[in-house]
Amino acid sequence: MKNWLMLISAGLLLLTGCGESGADKLKIGVSVPAATHGWTGGIVWCAEQAKKEIEAANPDVEVIVTLGETTSAQADRIENLLARQVDALVVLCQEPGPLTPVCEQAKKAGTYVVIVSNPLSNRVEDLFVNGDNRSLGAAAAEAMGQLLGGKGDILVMEGIPCPINTDRVEAFREVLAEKYPEIRILESQPAWWNTEKGMSLMENYLQKYPEIDGVWAGDDDVLIGALKAYEESGRSDIKAMVGGGGSKTIIKKVLDNDPVVRATVTYSPEMISVGIEKALEGLRNGGKPVNGEKELLIPSEIILNSNAAEYYNAESVY
């Protein structure tokens, strides 16, 4: 993700507004879920950081960030943004289905619409910005294969059963089957991207399997719970735990040579910053995506001890 941050910074310089003093500002409305766990907390923080940076570099732009504790609250916030006549709308949906109608309403009103991470039921957006979920699973499998030397019995802690999770898990399995066929998945169960559920699932795994070589927790919050359960068990058989998301807590463990938490992969909340930047870029381009792009995928990258310092940001909340 570090490469994407460099592109954002460059884009801010290129898109600096030259509007006349007193002219109406371009308004970019941003709707994201309230912080309910680490990753969404990172989304909120990144959105606020993007607001500060874009407004500082573009005097003719106003970025309005709103939070929704529930899907209905998020829909209300979007309607309020539309009432304020925003020129662009950037949305990371808590639940895409129920929020699709209000996004359709925005599009019909002539608003430039950028959707981040969770696709709408009806793809009316001008641009879709997303982490590459297949690359997340593939990167995690590659990390696991390297750390275990291509052999071992592992357990998988999936996310919420949904298309995003399916893409990640299928890619993980495909890479193992193709490149590391001697790594066997003992069991794969959902941990719902939740620390407490990760701890509970790991406790069950530890009771069920007397020997475990590796664990893929598809979310860093889940990995925190899994690690706690493992540490409390007193066992010492696991050679590698691999996370997902790139939280600073897990990156710090990798950086500090934790004996168990040895890798994670990026799925950075900075994608909301990319979405906001792309919304401004589209407005500057006459309300059309630059080069006609309709979808922007941000690939996941493997974080190991050898490169963890490049990804660690002590100031980030995630």
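T264 stands opposite I303, a residue of strand β12. This pair belongs to a predicted model, in which β10 (residues 261-265) and β12 run antiparallel and are joined by two bridges. The briefing covers the sheet that holds these strands, then a second sheet, and finally some individual residues.

**The sheet with mixed pairing**

- Six strands form an open sheet in the order β7-β6-β8-β9-β10-β12, and their pairing is mixed.
- The edges are taken by β7 (183-190) and β12 (302-303); each has a single partner strand, so one side of each lacks a neighbour in the sheet.
- Helix α8 (residues 220-233) packs on this sheet and touches β6 (152-158), β8 (214-217), β9 (240-242) and β10. The direction of α8 makes about 155 degrees with that of β9.
- Strands β9 and β10 are paired in the parallel sense, over two bridges. Within this pairing, M241 stands opposite V261 of β10.
- Strand β10 is largely enclosed by the rest of the structure, because four of its five residues are buried.

**The packing of α8 against α9**

- Two packed helices are described by the angle between their axes and the distance between the axes.
- The axes of α8 and helix α9 (residues 248-255) come within 9 Å of each other, and they cross at roughly 60 degrees.
- The two helices, α8 and α9, are therefore oblique to each other.
- On the α8 side, the contact is made by D220, L223, I224 and L227; on the α9 side, by T249, I250 and K253.
- By type, the residues of this contact between α8 and α9 are four nonpolar, one polar and two charged.

**The sheet with parallel pairing**

- Strands of a sheet pair through backbone hydrogen bonds, either parallel or antiparallel.
- A further open sheet of six strands has the order β2-β1-β3-β4-β5-β11, with parallel pairing.
- Its edge strands are β2 (61-68) and β11, each of which pairs on one side only.
- From one strand to the next, the twist averages 15 degrees.
- Strands β3 (residues 88-91) and β4 (residues 112-116) pair in parallel through four bridges, and V91 stands opposite I115 of β4.
- Strand β5 (residues 127-131) runs parallel to β11 and is joined to it by four bridges; here G131 stands opposite I298 of β11.
- Strand β11 has a covered face, made up of L296 and I298, and an uncovered face, made up of E295 and L297.
- Helix α2 (residues 38-57) lies across β1 and β2 and runs at about 165 degrees to β2.
- Helix α4 (residues 96-108) lies across β3 and β4 and runs at about 150 degrees to β4.

**S31, a residue of β1**

- S31 is found in strand β1 (residues 26-33).
- The relative accessible area of S31 is 0%, so this residue is buried.
- The side chain of S31 makes a polar contact with the side chain of Q74, at 3.2 Å.
- Beyond its neighbours within four places in sequence, S31 is in contact with T66, Q74, I78, L81, V90, V91 and L92.

**Asparagines with positive phi**

- N257 has a positive phi of about 60 degrees, although it is not a glycine.
- N257 is placed in the loop between α9 and β10, and it counts as exposed because its relative accessibility is 54%.
- N291, likewise a residue other than glycine, has a positive phi near 60 degrees.
- N291 is placed in the loop between α10 (271-284) and β11 (295-298), and it is exposed, with a relative accessible area of 77%.

**N313, after α11**

- N313 lies in the segment that follows α11 (308-311).
- With a relative accessible area of 34%, N313 is partly exposed.
- The side chain of N313 reaches the backbone nitrogen of E315 at 3.0 Å.
- Leaving aside neighbours within four places in sequence, N313 is in contact with W45 and K248.
- The C-alpha atoms of N313 and I251 are separated by 9.1 Å, although the two residues are 62 residues apart along the chain.

Technical notes: Residues are numbered from 1 along each chain as its sequence is written. This is a predicted model: local features need pLDDT of at least 70, side-chain atom pairs count only at pLDDT 80 or more; totals for chains, interfaces and linings use all residues. Side-chain values use heavy atoms; hydrogens and water are left out. Buried means under 20% relative accessible area, exposed over 50%, partly exposed in between (1.4 Å probe, protein chains only). A polar contact is a pair of N or O atoms within 3.5 Å; within protein, one must be able to donate a hydrogen and the other to accept it, and residues adjacent in sequence count only if both atoms are side-chain atoms. Contact means heavy atoms within 4.5 Å. Two strands pair if DSSP finds at least two bridges between them. Axes are lines fitted to C-alpha atoms, for helices over the stretch in contact, and angles run from 0 to 180 degrees between N-to-C directions. Angles under 35 degrees count as roughly parallel, over 145 as roughly antiparallel, 65 to 115 as roughly perpendicular and the rest as oblique. Ala, Val, Leu, Ile, Met, Phe, Trp, Tyr, Cys and Pro count as nonpolar, Asp, Glu, Lys and Arg as charged, and the others, Gly among them, as polar.
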